[in-house]
Every structure is written in C-alpha cells, then in structure tokens.
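Student: I am new to this one. Could we go through it together?
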Amino acid sequence: MKGREKEKNKLLEFLSGANKACMVYGLRRIGKSYLIQNTLEISGKKFLYYECVEASLRTNLRLFCSLFGINPALPYATFLDAFIELGNRHKEIIIVIDEYQNLNKGDADADIDSLMQVAIDQMPKGMKIIICGSYVTAMKKLMHKDNPLFGRFDPVIHLNAFDYLDSSLFYEELSIREKIAFYAVFGGCPYINDKLNPQEGLKSNIVNILIEQDSTARNYIENQLFKEIKKIDGINDILSIITNGKRSYSDIQSRLTGKSNSYAADRLSILEEMEIVQKVAPINAPDNKKKTRYEIKDNLLRFYYAYIFPNRSVISILGGNTFFDSYISKSLDTFISYRFEGIAKEYFSRLAKNGQLPGILNIGTFYYDDPKAKRNGETDVALKFGDGYDIFEVKYLNDKMSKDLMEDEINKIKAIKSFTPREIGLVSASGFASAKNSTILIKGEDIYSVSYPADYK
C-alpha cells in the first residue's frame, strides 16, 4: 500500500480497539476504498461493503438488504434494523458504507444523519462501522457540532493527495529531475499516478493520459472530480482565471465581467471547502488581504486549466502530439519550475515533521517592500523561526547551478535592505557547480532523500 502507512495503522488500531465508528473522506479517486478494503484484508476481519447509490434512503436500504441476503419482505425501516439482523448472524462484523453523501440525494426532508446516529449508538455488540465519502463538503458537515453525528467518529481519517515523495514511489526508476517533472504535471492522485508509464517519457504520458479527449486524467477531471458541483455556474471560470499562478480576490472578480460582487466569493468558498483551491499569504503578512492570493492546490488541475481547458477545440483539431509540440513544449519547463517551488516547501515540511528543523514556526513565502530601493516582491521559500527567517531561492535547471548564478541569487537576497535573514539558501534540482560555505545548498538528491545539509542542522 504505497504511501498510506500512517492511515493504515490508524484503521488497524480502530479495528482492534473499542470505538464503534470511523470516518474516511477525501476527493474522488484518492484511494479511500482501496485503503479500507486493503486494511480490512490485512486485519483478517470479516466485513461487508456497500456503496450508496444516488437514490432515496428507502432504495439504498432495499439494495443494502438485498446485497447481504436480508429478507427484503421484512419491514426494515432504518439501517439500525438491518444492522441488528446482521448482528444476529455474525459474532463480529465490520460494515463499510461508501459514498455516504449519496444517501441524502433522494430524500430532501429525511434526517439521514439522525437515523445513522441512532444506528451507530445502538449497533449490536461486535459490530463496527466505517463511513466513507468523496464529497468533502458534505463529509465535513458530519463533524459540525450541530450535526447528530458529531463526536461519533474516532478516528476521522482525511485522505489527502500524495506529496512529491510518496508520488515518486510510482516512478522510482526515473532521475531526480524527471521525478520533479512528473509530479509537477500529474500531482499526487494515486489513481492517476498508477496509470502512468514512466518508461515512455513525460511527453508520451501527457499526450496519452491527459491531452486526448477520452484519456484517463482528462476524464477524471471533467467527469468525476467535480461531479457534485459541475452544475454550479462559474466554477470553470474561476479555475481558468487562476490557472498556474496566484490571483487576488479583486483580480479574479475584475475578470468576471458583468458578475455581482458576491459571485466570485461564493464560488471560491465552494472550491475552498472542497479543497480544490487554497488561500495563501506570505508568512510575515498572514492577515494582509492585499497580499492574500488564491491558487489551485493540485498540480494536475493546474496543468489542465493552464493548457487543456482553454484549448479543447484546438486539441480536437490538431491531436495530442501536435498540440503538445505547438502549445506546451516551449513553456513546460517554466510550468515545472513554478511547481518545483511547491516541492521545496513540501520537502521542508517533511523535515519539520521529522524533527530536523528544531524551532521552526512556519513555512511559506516572505514579502518584502523596500521603498528606498523601489523594490518589492516575495521570496520563493521562507522558513520562520523565533529569531527570524531563513530565505531560499529555488531553481529548476538542466545543469548544475553555476557559480555566477549562485552569486546573483545570493546578492539578490542580500540587496533587500528592509530585513536581514538568519540564513540564506539555494535549492537546485540539478545541484551546484561550487560550494558556498556561508550558504545552505540543497540538491535534488537531498530533497528526495529528505536529508538536510549537516552544517546547518
């Protein structure tokens, strides 16, 4: 089970513990069902798996009973009745209810959560239940204090996309630079990564898995990922404005010609709740609304909205290979270089979680404004400590960073007169042409081995 050891162990603890109910949620195709079924098989526990359909509660109960051989003629009014029947048959049993949010689709007036709360509280001894769902917004509501199911789930497992390191398990044979490129384009969805053919190269995978109309990744984005919200007008408009960059709210709103002031806010709120878009700000100005930006979280979605979405008609005319050569190849390294900055942040996060950055308070970017020199901007990466900031510039280069470029990047940071960093560092995918004793130098090999330069530990 690639990259899910922590979550697997949580599930195993639940299965052997006293708690009765567990919740697993995350975006579609993130690996929820696989994690649950694989862990249950490892545990040796007997389980029954039911995936809710988009229909009424009554229909789902009928299908549930039919699937597990419960007499459909009996008046099973609730899941509790069905659970009691199953409890009478089995000394110990795990019930898995997947796509839980679908129970609400056909019964606008039914209090599904209250009915499930009663079922969980009165479940027969020896029975446990795992609730699973892919509509993140709906699943988060189950944890609200005013929801009948509040406090019923322990543990709650929020399954996220893989980071750069876990994603690289799907293409371990590639070079460091190739691993960076594959993650920058395809992101961390296990379902997509499992479909890659690394030995065929980046271009072939982009064409065959992402560009072509019926390709795996394109179908995933267009027909599965946004299934619950695709009827909401304007979602694609927002994402196609943000694409591969960071956009302020005012910038997004200004590009939505003829729309009300609440139009962008409402849709950004939905996308944030769904964990498709995130709001970011420099770590030295977290509450500065003028510096706050919105960005697409997942690399695959960034790529799709940067290249595929605005050019779908062109793709159908030119075909995948010609479209790649004409529209993608010249700017691909630039796209990847922006995403490499994100990889650097994920690397530092890994170090922090491993205890290799003692005293660290935050990871992000640093905003500087030097009126005298008429210079302002944001650094690529900044690490916040109690006594100041470590500042890093990040480069995705074909070759080792030259001595002259190293000097230029270091001097660029030193030229900022409004603050003095604790440490200055450089991150280079291909390494460095020379050493700099007063500078932290991090190579691509360091990032993928999660090691930090010994002199700076």
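Tutor: Let us start with an open sheet of 5 strands, ordered 8-11-12-13-14 with mixed pairing. Strands are DSSP runs (E, at least two residues) and helices are runs of H or I of at least four residues, numbered from the N terminus; two strands pair if DSSP finds at least two bridges between them. This is a predicted model, in which local features need pLDDT of at least 70, side-chain atom pairs count only at pLDDT 80 or more, and totals for chains, interfaces and linings use all residues. Residues are numbered from 1 along each chain as its sequence is written, and side-chain values use heavy atoms, with hydrogens and water left out.

Student: Which strands stand at the edges?
Tutor: Strand 8 (360-364) and strand 14 (440-443) do; each has a single partner strand, so one side of each lacks a neighbour in the sheet.

Student: How do strand 11 and strand 12 pair?
Tutor: Strand 11 (residues 381-385) and strand 12 (residues 388-395) are antiparallel over 5 bridges. In this pair, Leu383 stands opposite Asp390 in strand 12.

Student: New topic: at what angle do helix 3 and helix 4 pack?
Tutor: Helix 3 (residues 57-67) and helix 4 (residues 79-89) pack at about 10°, with axes 10 Å apart. Axes are lines fitted to C-alpha atoms, for helices over the stretch in contact, and angles run from 0 to 180 degrees between N-to-C directions. That makes helix 3 roughly parallel to helix 4 (angles under 35 degrees count as roughly parallel).

Student: Which residues meet there?
Tutor: Leu57, Leu61, Phe64 and Cys65 in helix 3 meet Phe79, Ala82, Phe83 and Leu86 in helix 4 (contact means heavy atoms within 4.5 Å).

Key: Angles under 35 degrees count as roughly parallel, over 145 as roughly antiparallel, 65 to 115 as roughly perpendicular and the rest as oblique.
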